[in-house]
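Take a look at the model below. We will walk through it one feature at a time.

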Amino acid sequence: MSNAISNSMNKVTLTGYILVPEAELKAVIEALKVHSQLTKQEPGCLSFSVTQDASNPVKFYVSETFKNQQAFGHHQQRTSHSNWALVSKNVSRHYQFNSLIKD
């Protein structure tokens, strides 16, 4: 199997957390509702979860899984020009990416 074909079959996962400036918390939480809904409707989005930490309200755990690199790339392209990008521009992102080969 060629590398290009292999890469197109790999699931892409992103896990980690974001830290939201306290002054922007309310706006980010509101924008996150729409961002989450739109992301879950994207072709190739297998899962998407952002959960606020119970003891640290400015910390949110992020977990995303996309069908393949193409679907993840589409997500990145869409969000780069979205309201979410504007509202979350000061958010500190701490992510780890993984590719999982399908059986």
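What follows is a short tour of a hairpin, some aromatic rings and a pocket.

This is a predicted model, in which local features need pLDDT of at least 70, side-chain atom pairs count only at pLDDT 80 or more, and totals for chains, interfaces and linings use all residues. Residues are numbered from 1 along each chain as its sequence is written, and side-chain values use heavy atoms, with hydrogens and water left out.

Start with the strands. Helices (H or I, at least four residues) and strands (E, at least two) are DSSP runs, numbered from the N terminus. Strands S2 (residues 45–52) and S3 (residues 59–66) run antiparallel, joined by seven bridges. Two strands pair if DSSP finds at least two bridges between them. Six residues lie between S2 and S3 in this hairpin. Ser-47 stands opposite Thr-65 in S3.

Now the aromatic rings. There are two aromatic pairs in the structure. Rings of Phe, Tyr and Trp (its six-membered ring) pair if their centres lie within 6.5 Å; planes under 30 degrees apart count as stacked, over 60 as edge-to-face and the rest as tilted. Phe-66 and Phe-72 are edge-to-face, because their ring centres are 5.5 Å apart and their planes stand at 65 degrees. Phe-72 also pairs edge-to-face with Phe-97, at 5.6 Å centre to centre and 75 degrees between the planes. Phe-72 lies in helix H3 and Phe-97 in strand S4, so this pair ties together parts that are 25 residues apart in sequence. Phe-66, Phe-72 and Phe-97 form one aromatic cluster.

Is Phe-72 buried or exposed? Phe-72 counts as buried, at 6% relative accessibility. Buried means under 20% relative accessible area, exposed over 50%, and partly exposed in between (1.4 Å probe, protein chains only). Phe-66 is buried too. Phe-97 is partly exposed, at 47%.

Last, the largest pocket. Its volume is about 260 Å³. A pocket is an open set of points on a 1 Å grid over the protein atoms alone, where a 1.4 Å probe fits, with protein on both sides within 12 Å along at least five of seven lines; lining residues have an atom within 4 Å of a point. The volume is the space filled by probe spheres set on the points. The largest pocket is lined by 18 residues, and Gln-76, Thr-79, Trp-84, Arg-93 and Tyr-95 lie nearest its centre. Elements that give two or more residues to this lining include helix H4 (83–87) and strand S4 (92–101). H3 gives the most, with four residues.
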